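This report looks at backbone angles and at one helix. The sequence and model come first.

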Amino acid sequence: MTVTLPPYDDVVTRYEPVIGLETHVELGTNTKMFCGCPTDFGGQPNTRICPVCLGLPGSLPVANKAAIEATIRIGLALNCTIATWCRFARKNYFYPDMPKNYQISQYDEPLCTDGWLDVEVDGELVRIGIERVHLEEDTGKTLHVGGATGRIHGATESLVDYNRAGIPLVEIVTKPIPGTGALAPIVARAYVTELRDVIRSLDVSDVRMEQGSLRCDVNTSLNLPGNDWGTRTETKNVNSLRSVERAVRSEIIRQASVLDAGGRIIQETRHFHEDTGDTTSGRSKETATDYRYFPEPDLVPLAPDAAWVDTLRATLPELPRLHRKRLQTEWGLSDLDMQSVVNAGAVELIELTIAAGTTPEGARKWWLGELARRANEAGIELAAVGATPAHVAELQRLVDEGKLNDKLARTVLEGVIAGEGTPTEIMTARGLGVVSDTGALTAAVDEAIAANPDVAEKIREGKVAAAGVLVGAVMKATRGQADAKTVRDLIISRLS
Ligand SMILES: [Zn+2]
């Protein structure tokens with residue numbers, strides 16, 4: 001059955017979306033949450049395990065202090081209240097990737113509560129309420145093999161790797177976010193982006209969505225204006241910033257089509273499909289009672305004292321939004337120009353390029369121009385385009401020193417992206433430098449004069465503007481490598 005979906009712009013004039021985001025962040029601690037096993041990404045399956053993270057009988061967990069500190073710092077950066085006393089809880093459910101058949105998590109006593117994060121959307125600040133930030137342990141990973149899709153359907157075997165089981169995981173849950181209207185998908189993306197930047201600035205996780213160290217579940221519901229909020233669905237494990245936006249958008253459209261047809265929304269988890277951009281039904285959502293939470297009897301309560309929390313507060317860095325404000329002033333950019341830097345994901349790249357010795361204008365020109373264009377074409381993040389801040393700074397220095405002009409610099413940049421070496425190496429190897437030696441250019445200038453006698457005559461008569469034609473001819477003859485100013489000076493001195 002094919003259902004014609006209503007257009008998004010129409011849906012958001014008739015329904016009000018309410019969104020909410022649950023984000024899981026794997027902490028970059030050296031060891032797991034409750035044992036001493038290492039936490040590095042990858043590794044041979046089932047080599048980073050021990051009786052504690054396998055949940056073997058008689059083993060006892062001990063909480064990781066570094067993970068608790070990281071969680072408190074995240075809570076403080078998100079303006080939360082830090083609990084003076086709280087406990088871990090057991091969340092009971094059976095799944096093969098969870099060796100204990102329960103997860104140690106936090107339930108009614110989270111470590112951090114009631115904060116907020118301000119995010120900028122179209123130049124306006126939107127304050128996102130933070131319900132809670134709590135600490136738990138990650139599960140293992142299941143790999144379904146033998147099928148075409150990597151999913152369980154059609155697979156001949158399922159393999160489980162417990163290396164990830166027990167890695168500290170921080171869950172950050174927003175309060176429901178109403179009132180964003182048509183901007184809901186963009187607000188969701190802006191929030192996850194800002195949250196990622198905050199956590200990165202705290203240096204507690206590498207927050208890489210593609211490696212799963214930042215994972216996001218998106219809650220969406222729709223209601224008619226003036227009515228109560230609708231039933232929400234939870235779209236699981238959306239694993240790129242772009243997908244966060246797409247998942248909210250596609251779920252808004254899907255729910256509207258169900259409601260338009262007189263149906264009702266079922267509370268369930270849904271899976272986002274990267275290829276089609278839509279969601280399909282997962283399992284009907286468990287309620288808290290299904291998990292039979294109870295306080296974890298093997299761990300002592302957690303009671304961070306005020307002095308410890310103050311010490312951690314003193315370690316907070318300048319937060320990304322304020323950091324960007326400061327950079328904007330230093331770089332002398334308008335709000336709009338700064339916004340395009342942010343939207344291109346270029347803030348840090350430009351900052352590093354300037355630190356490597358170039359001007360804000362020089363750095364911005366390359367990252368927002370040629371490199372952004374290439375990243376867009378390839379559908380990749382700007383940071384993955386193949387040129388580093390050091391390369392860009394060096395390239396611009398060669399331009400500033402007159403050794404490359406813009407056209408030659410773009411050719412050199414192609415070589416950098418192709419992995420041929422540094423800009424100077426490529427310029428030398430390919431013989432791409434600007435020729436400003438008058439001796440070398442005189443022959444080309446004389447040829448151009450001889451080939452364009454009428455133009456030469458005009459210049460002799462004092463119409464120096466006509467020199468542009470001859471400069472163009474010399475540039476062409478030298479494959480763009482002549483220094484245009486030197487050529488122009490030569491032409492005028494020979495014709496006067
Ligand atoms: Zn272990």
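## Basis

Helices (H or I, at least four residues) and strands (E, at least two) are DSSP runs, numbered from the N terminus. The model is predicted: local features need pLDDT of at least 70, side-chain atom pairs count only at pLDDT 80 or more, and totals for chains, interfaces and linings use all residues. Residue numbers start from 1 along each chain as its sequence is written, and side-chain values use heavy atoms, with hydrogens and water left out.

D114 lies in strand 5 (residues 112-121). D114 is not a glycine, yet its phi is positive, about 55°. D114 is partly exposed, at 46% relative accessibility. Buried means under 20% relative accessible area, exposed over 50%, and partly exposed in between (1.4 Å probe, protein chains only).

R292 sits in the loop between strand 13 (279-284) and strand 14 (294-295). R292 is not a glycine either, and has a positive phi of about 45°. With a relative accessible area of 53%, R292 is exposed.

## Helix 12

Helix 12 (residues 406-417) has twelve residues. The expected span of a helix is 1.5 Å times one less than its number of residues. For helix 12 this gives 16 Å, and its end C-alpha atoms are 16 Å apart, in agreement.

Its buried residues are L408, A409, V412, L413, G415 and V416. They fall within an arc of 155° seen down the axis, so they line one face of helix 12. The arc is that of the directions from the helix axis to the C-beta atoms. An α-helix has 3.6 residues a turn, so residues three or four places apart point the same way.

Just after helix 12, G419 takes a positive phi of about 80°.
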